[in-house]
Amino acid sequence: MSRRKTDRLLHLVVCLLATRRYLTAAQIRQAVPGYPESDEAFKRMFERDKEELRELGIPLEVGAEEDETGYRIPPQAYELPELHLTSDEAAVLGLAARVWKQTNLAEAASGALFKLRAAGIETDPEGSSVLEPRVGTDEPAFPALYEAVRDGRVVSFDYRAMGRSEPQRRLVEPWGLTSGRGRWYLVGYDRVRRAPRVFRLSRVLGEVVAQGPEGAVRVPEDVDIRKIAFEREERPAERRSARVRLRRGRALGVRRWAVSVAGVDEAWDEAELHVWDVEFLAASLARFADDVLVVDPPDLREAVIRQLKGVLS
Amino acid sequence: MRSSSTSADRLTRLLALVPYVVARETVSMSEAAEAFGVSERQLQDDLNLLWCLELRSPDPYCPIDLSYEGGEITVSEAESISRPLRLGADEAAALLVALRMLAELPGSAERDALTRLVAKLEAAAGEAAAAARQLSVDVDPRTGSLGVVQRALREERRLRLVYYVAGRDENTERDVDPMRVLVVDGRTYLEGWCRRAEAVRLFRMDQILEAEVLELPAEVPAGAERRDLDGGLFQGSASDVRATLELTPSGRWVADYYPCERVEELGEGRLRVVLLTSDARWVRSLALRLGEQGRVVAPVELAEGIRRDAERALALYA
C-alpha cells in the first residue's frame, strides 16, 4: 500500500465515521481526495478500498440513501468498547504477544496490543521478563487451516495417516485447532468417513484448499476439541491393579506413579500400580530394565516379556 | 493473517495513534514511537498524514488537529477517530488463546489476573472472540511447584530442588539460582544457574519433586546466558552424543516427539533417525520402551549395552 493509498483510506474511514446519513459513492468521491478522474477507474478503486476496509475489520454498513446505495461506519460498531484493567491484569497482557513471537499470529497479537494501548491501557511492551511463553506454528498447513476454521469453510488436503505410506485426499469440515506438546491438530468432521476425525498438521501434505462459502461449517454446540484430540480412547471403567517388584533404591520413576510401595526383602520392594492400558504400561516398565519385575497380572507380565524380546529381535 | 502486512499495518497504526494520544493527553515522540514499534521519523510521517487530513465536501474541513512541537504530541481535535477500532478475529484469537493457555497453569502467581483479563477481553471483543474458541493450546498441568519457583524469582532468592532425571532414573538434589520460567509448546520449565553443574540448566517443572526457597540471595553469574528461544528450545551442544535409530511404522512417533538431527525414509513407512542427546542413558531407556518398534544401530557400544539390559531383565522371568 503506497502512502497515497494509505492517505486515501484514512480519509475514507474518517469521512464514513463522521456521517450519520449514508453517503453515496458520488458523495464519497467528492469528499475524499485521491480518486481518479475516470468513472470506471473510480468504481474499481472504490470497490477495492471497501474490500480493504472490511479486511481490516472496519464495519462498513450499506444502506439506501434517496434510492441510491450509500455507506457509513456506525461508531458504536467501530469503536472498541470501554475496557478498564487493573494493574495486575495490564501487567500480564504483554505475555500474549510473547507467546506468538515469530509465528503467523505475531502480527495479530501486536495489532491487538496497539489497539489496547490506544484505549489507554498501559502495557509493558515486553511483558514480565521472568515468564517466557512460546507456542510454535511451524507446520506449513497452519495458516490455511487456521483461516478455514475462523471463516467456517470446508477444506480438502492430502493426508498421510499413521502407519500408512500412501497419502489420501480428505474432505473435512474444520471444527477447531489445538496444540499439544508442540504439535498442532485439526479436529473436524470427515465428510468421506462420515465421522469426527483428528488430523495431525505435520501429516498434511502439500496445499490445503478451502472451498465453498464462508460460514458453511457448523460446529456442534457441545463439541470439546481438546477432548477429541487428546483423549481418543476413554479410560476403561474397570481399573485393574498390578503388583510389581522394584529393586530397592531404583526404578524411582515407577515409584512416582505407584499407589503404594512396601519393602519385601533386602533387594526388593513391592509396588501396587493402576493398570489402564497393558501395552502402554508394559512399555513404560520395560524402560527400567532389570530394576523392575512384574509379579501380577499375567497379561502384564507377558507384555513386558514380549517387549524385552522385541528389543533383542 | 493478512498478506499485505506492512501497508495495512500502517492504516491500523494511524487509526490507533490518535486515540493513543487522546487517552494520555500528551505523549512524547519517543514514547509513542516505542509503543508502536516504529522509528521517530516514521512516526513523524504518520502524524503529518493525520494532520493534513482534509475532507472536501460538502465544505472543506480538517477533522483532526494535532501538534508535535518540542517532541510532545497533543491532539486538540480528534472527532470520529478518538476511540480505537474493535479487535478483529485474528487479534482476539491471538490474545485469548495465549492468555487462556497461561491461565491454565496450576500454581502460577498470575493465574487470577489472567482469568479476569480473559473475561474482560472476551466481553470487549464481542463477536470477534468466536474464532478464539476454536483454537487452544494444551498445557501439561503438572506445574505444582510453579508458585514456589515464581516466588524465588520475585524475591531473587536461591532454590533447593529435588529433581528427577528420567534418563538416569535418579532423584538429584541441587541448588539453583532461578533466571526465568519458560512455557514452551505446553511444557513448563525453570531456567536457572545450577550450582552443582555450574552452568545454565533447564528443569522440567513436572520433574521437580520438591522446591524450597532458601534464605540465600540468588547469584546468577554475569556470564550466564539465557537460551535464545528463536532457535528452538533444544540446541545441541558440542558434547552431545549422536544415536542412530531405525524405526518401524509404529515407531515413527519418535521422530515427532524428539528433536532429530536427521530423518530419512527407508521405505514401507520405516524411518532412520539421528537423535542428539546429552546423555546416552536416555537413549537406552527409549530403546527399551520401543521394543520391536525400533532399534539403535549406532553407536555399536550403545546398541550392545541395550541388548545386555534387555537380557538381564528377561533373566528375571526365566
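At roughly how many degrees do the axes of helix α11 of chain A and helix α9 of chain B cross?

## Model and conventions

This is a predicted model, in which local features need pLDDT of at least 70, side-chain atom pairs count only at pLDDT 80 or more, and totals for chains, interfaces and linings use all residues. Residues are numbered from 1 along each chain as its sequence is written, while chains are lettered from A and ligands numbered from 1 in the order in which they are written.

## The helix crossing

The axes of α11(A) (residues 298–312) and α9(B) (residues 300–315) cross at roughly 150 degrees and come within 9 Å. Axes are lines fitted to C-alpha atoms, for helices over the stretch in contact; angles run from 0 to 180 degrees between N-to-C directions. Helices (H or I, at least four residues) and strands (E, at least two) are DSSP runs, numbered from the N terminus. The two helices are therefore roughly antiparallel to each other (angles over 145 degrees).

From α11(A), A:Ile305, A:Leu308, A:Lys309, A:Val311 and A:Leu312 meet B:Ile306, B:Arg307, B:Ala310, B:Ala313 and B:Leu314 of α9(B). Contact requires C-beta atoms, placed from the backbone, within 7 Å. The residues of this contact divide into 8 nonpolar, no polar and 2 charged. Ala, Val, Leu, Ile, Met, Phe, Trp, Tyr, Cys and Pro count as nonpolar; Asp, Glu, Lys and Arg as charged; the others, Gly among them, as polar.

In chain B, 4 strands form an open antiparallel sheet in the order β11-β12-β10-β13. Strands β11 (260–267) and β13 (294–298) of chain B stand at the edges with a single partner each, so one side of each has no neighbour in the sheet. The twist averages 25 degrees from one strand to the next.

Strand β10(B) (residues 241–247) runs antiparallel to β13(B), joined by 4 bridges. Two strands pair if DSSP finds at least two bridges between them. B:Thr244 stands opposite B:Ala298 in β13(B). Helix α9(B) lies across β10 and β13 of chain B, at about 140 degrees to β13(B).

## Between the chains

In total, 99 residues of chain A are in contact with 94 residues of chain B. The chain A side divides into 55 nonpolar, 25 polar and 19 charged residues.

Strands also pair between the chains. Strand β6(A) (residues 168–180) and strand β4(B) (residues 135–137) pair in the parallel sense over 3 bridges. A:Leu177 stands opposite B:Leu135 in β4(B).

Key. Angles under 35 degrees count as roughly parallel, over 145 as roughly antiparallel, 65 to 115 as roughly perpendicular and the rest as oblique. Two residues are in contact if their C-beta atoms, placed from the backbone, lie within 7 Å.
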